Amino acid sequence: MRKDDEKNLTIKDIARLCKVSISTVSRAINNDPTINRKTRDRILQIVRQYHYIPNNSARNLRMTDSNTIALLVKGIAIPSSRR
């Protein structure tokens, strides 16, 4: 990997380098107890080696709930007496 690529290292890049899924990288970074210790150590070694810093803006976009409900109604008619 080139030096300028290190500045923009993404979680996808780490997954590719470690030959694991993106969710496995996420679990390792977030210290999920269900991940294999050797796998976590290998991922965190790459994270340290490339000085990876998670993108909080991307994380917030992914995790934010909007609490919005859409309602589509077809065929509402106004009674003829109200026209």
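# Helix packing, salt bridges and surface in a predicted model

Reader: At what angle do helix α3 and helix α4 pack, and how far apart are their axes?
Author: In this predicted model, helix α3 covers residues 22–29 and helix α4 covers residues 37–49. Their axes lie 9 Å apart. The angle at which the two helices pack is about 85 degrees.

Reader: Are α3 and α4 roughly parallel or roughly perpendicular to each other?
Author: Angles from 65 to 115 degrees count as roughly perpendicular. The angle here is about 85 degrees. Helices α3 and α4 are therefore roughly perpendicular.

Reader: Which residues make the contact between α3 and α4?
Author: On the α3 side the contact uses T24, V25, A28 and I29. On the α4 side the residues are T39, R40, I43, L44 and V47.

Reader: How are α2 and α3 oriented to each other, roughly parallel or roughly perpendicular?
Author: Helix α2 spans residues 11–18, and its axis is 8 Å from that of α3. The packing angle is about 105 degrees. Since 65 to 115 degrees is the range for this class, α2 and α3 are roughly perpendicular.

Reader: Which residues of α3 meet α2?
Author: From α2, the residues taking part are I11, K12, I14 and A15. Their partners in α3 are I22, V25 and S26.

Reader: How many helices and how many strands does the protein chain have?
Author: From the N terminus on, the elements run α-α-α-α-α. The chain therefore has five helices and zero strands.

Reader: Is I14 buried or exposed?
Author: I14 is part of helix α2. A residue is buried when its relative accessible area is under 20%. The value for I14 is 0%, so I14 is buried.

Reader: What is the relative accessible area of D32, the salt-bridge partner of R27?
Author: The N to O distance between R27 and D32 is 3.7 Å. R27 is partly exposed, with a relative accessible area of 29%. D32 is partly exposed too, and its value is 23%.

Reader: Why are D41 and R37 separated by about one helical turn?
Author: D41 and R37 form a salt bridge with closest N and O atoms 3.5 Å apart. D41 is partly exposed at 37%, whereas R37 is exposed at 55%. The separation is about one turn because, in helix α4, the two are four residues apart.

Reader: What is the phi of K19?
Author: Most residues other than glycine have a negative phi. K19 lies in the loop between α2 and α3 and is exposed at 73% relative accessibility. K19 is not a glycine, yet its phi is positive, about 60 degrees.

Reader: Where does H51 lie?
Author: H51 is a residue other than glycine with a positive phi, near 55 degrees. Its relative accessibility is 60%, so H51 counts as exposed. H51 is found in the loop between α4 and α5.

Reader: Which residues form a nonpolar patch on the surface?
Author: L71 is in the segment after α5 (56–63) and is exposed at 72% relative accessible area. Together the members of the patch have about 370 Å² of accessible area. They are L71, V73 and I76.

Notes:
Residues are numbered from 1 along each chain as its sequence is written. This is a predicted model: local features need pLDDT of at least 70, side-chain atom pairs count only at pLDDT 80 or more; totals for chains, interfaces and linings use all residues. Side-chain values use heavy atoms; hydrogens and water are left out. Patches are made of residues with over 30% relative accessible area and no salt bridge: like charges are joined within 9 Å, nonpolar side chains (Val, Leu, Ile, Met, Phe, Trp, Tyr) within 5 Å. Accessible areas come from the Shrake-Rupley method with a 1.4 Å probe; for residues, only the protein chains shown count as cover. A salt bridge is a side-chain nitrogen of Lys or Arg within 4 Å of a carboxyl oxygen of Asp or Glu. Buried means under 20% relative accessible area, exposed over 50%, partly exposed in between (1.4 Å probe, protein chains only). Axes are lines fitted to C-alpha atoms, for helices over the stretch in contact, and angles run from 0 to 180 degrees between N-to-C directions. Angles under 35 degrees count as roughly parallel, over 145 as roughly antiparallel, 65 to 115 as roughly perpendicular and the rest as oblique. Contact means heavy atoms within 4.5 Å.
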